[in-house]
Amino acid sequence: MLMSKIFAYGIRQDEEPFLKKWAGQHPEVTLDYTDQLLTPATAKLAAGADGVVVYQQLDYTPEVLQALADLGITKMSLRNVGIDNIALDKAKELDFTITNVPVYSPNAIAEHAAIQTARILRQTKVMDEKVAKGDLRWAPTIGREVRDQTVGIIGAGHIGQVYMKIMEGFGAKVIAYDLRKKPFLEEQGYYVDSLDDLYAQADVISLHVPAIKETTNMINDETIAKMKDDAVLVNVSRGALVDTDAVIRALDSGKLYGFVLDTYEDEVGIFNQDWTGAEFPDARLNDLIHRPNVLVTPHTAFYTTHAVRNMVDKALDNNLAMVTGKQPATPVEF
Ligand SMILES: NC(=O)c1ccc[n+]([C@@H]2O[C@H](COP(=O)([O-])OP(=O)(O)OC[C@H]3O[C@@H](n4cnc5c(N)ncnc54)[C@H](O)[C@@H]3O)[C@@H](O)[C@H]2O)c1
């Protein structure tokens, strides 16, 4: 039997069991890995491999791609979606083939958004803090029921659709706006005609669109002014969708009732780090973290066992397909 060799970078502790399980199910593959990220210096760890599996926020620079190509490795499988940190021109020049995992668990992200939405509406952050201090009075920490809300989804794709179902389970009225309408959602009457209609009707607005030129800072002073008073804004999608300063102004004025943030425009280098005992690097984020009506999580909406297992399995399946001359399930076109 001809053995294939795959090398995986940046393997976290929580990924290791899934990696080992996959290796056990694929005796025809020699699978080695490291917790180190892929850099020009660590590229040599993959020497002898047919392909590599990666996931990192660091850039995949021309140098790092060249270092892999010098070892004869041009088959790279991402365990995540984003390809914006890859030097694609260089990858093309070196004849790389790349795969990603575009859908690993929409439920992970949608559930997180739904849980945080419900928490904002019930003011749980305030109530939890009161209870922890021994203040067991009810007022003025009164909740809003989800069934009384009109929930507006911007971007009814994989994640947006799961969020819609969960919110409907709570009894909310759900409306949606999407550039590309899906016939089955249209038949059920979910779509409003314009973003302005959505802003005018929604008590909760949840963003599920990608960050592209057209959506950058789509939530700003002007669009917030079009929203209902006491609206709740939920962003578990991408920081760039939101003008954070505009949201802070709206929280200060009381226009917005609450804000859910899992993604932040300046998150790279801040999220997934331990700042305990160190000087916090971002005063604006620090301010948001400490507001009673803002729920901050450090880009953890995706972070579930189900999603991590799918990211590992699908990336390895893709890489194995490529190194054995088969068509991978999700190639990246570039
Ligand atoms: N917080 C996290 O951990 C996490 C994890 C994964 C994905 N995400 C974010 O969630 C977003 C949605 O992911 P998905 O898998 O549902 O994507 P998807 O491609 O399935 O859905 C995106 C939807 O947005 C619509 N759309 C695109 N551009 C639009 C525009 N300008 N105006 C209106 N609608 C537009 C598309 O038609 C599509 O229906 C991703 O882009 C990503 O930014 C966050």
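**Stop 1: the ligand and its surroundings**

Helix H6 gives the most to the shell around the ligand, with three residues. Before you go further, keep in mind that you are looking at a predicted model.

Which residues come nearest to the ligand? Select Gly155, Gly157, Ile159, Pro210 and Phe302: of the 27 residues around the ligand, these come nearest.

**Stop 2: the whole protein**

Zoom out and switch to a cartoon view. How many helices and strands are there? The protein has 12 helices and 11 strands. Its radius of gyration is 22 Å, close to the 20 Å that the globule rule gives for 334 residues, so the protein is as compact as a globular protein of that length. Along the principal axes, the C-alpha atoms fill a box of roughly 70 × 55 × 35 Å.

Of the 334 residues, 38% are buried. Take the contacts with a separation of 6 or more: 71% of them are between residues 24 or more positions apart.

**Stop 3: the six-stranded sheet**

Next, look for an open sheet of six strands with parallel pairing. Walking across the sheet, you meet the strands in the order S7-S6-S8-S9-S10-S11. To mark the edges, select residues 173-177 (strand S7) and 294-296 (strand S11); each of these edge strands pairs on one side only. Neighbouring strands here are turned by 15° against each other on average, direction ignored.

A reminder for this view: strands of a sheet pair through backbone hydrogen bonds, either parallel or antiparallel.

**Stop 4: alanine 110**

Stay with H4 and select alanine 110, which has its place in this helix. Is alanine 110 buried or exposed? It counts as buried, because it has 25 C-beta neighbours inside 10 Å, and 20 or more are needed for that label. Leaving out residues up to four places away in sequence, alanine 110 touches Ile159, Val162, Tyr163 and Ile166.

Now draw a distance line from the C-alpha atom of alanine 110 to that of phenylalanine 302. The two residues are 192 residues apart along the chain, and their C-alpha atoms are separated by 8.8 Å.

**Stop 5: strands S3 and S4**

Select residues 51-54 (strand S3) together with strand S4. They run parallel and are joined by three bridges. Valine 54 stands opposite leucine 78 in S4.

Then colour S4, residues 75-78, by side. Both faces are covered: Lys75 and Ser77 lie on one side, Met76 and Leu78 on the other, and all are buried.

**Stop 6: tyrosine 33**

Move to strand S2, residues 29-33, and pick out tyrosine 33. This tyrosine has 20 C-beta neighbours inside 10 Å and therefore counts as buried. Apart from neighbours within four places in sequence, tyrosine 33 is in contact with Phe7, Ala8, Ile11 and Leu19.

**Stop 7**

- Select alanine 139 and proline 140. The peptide bond from the alanine to the proline is cis, with omega near 0°. Proline 140 is in the loop between helix H5 (124-133) and strand S6 (150-154).
- Select aspartate 95, in the loop between helix H3 (88-93) and strand S5 (97-99). Its phi is positive, about 65°, although aspartate 95 is not a glycine. With 8 C-beta neighbours inside 10 Å, aspartate 95 counts as exposed.
- Select asparagine 217, in the loop between S8 and helix H9 (221-225). Its phi is near 55°, again a positive value in a residue other than glycine. Asparagine 217 counts as partly exposed, because it has 16 C-beta neighbours inside 10 Å.

Note on methods. Residues are numbered from 1 along each chain as its sequence is written. This is a predicted model: local features need pLDDT of at least 70, side-chain atom pairs count only at pLDDT 80 or more; totals for chains, interfaces and linings use all residues. Two strands pair if DSSP finds at least two bridges between them. Helices (H or I, at least four residues) and strands (E, at least two) are DSSP runs, numbered from the N terminus. Axes are lines fitted to C-alpha atoms, for helices over the stretch in contact, and angles run from 0 to 180 degrees between N-to-C directions. A residue is near a molecule or strand if its C-beta atom, placed from the backbone, lies within 6 Å of it. The radius of gyration is taken over C-alpha atoms; the globule rule is 2.2 Å times the number of residues to the power 0.38. A residue is buried if 20 or more other C-beta atoms lie within 10 Å of its own, exposed if 12 or fewer, and partly exposed in between; C-beta atoms are placed from the backbone. Two residues are in contact if their C-beta atoms, placed from the backbone, lie within 7 Å.
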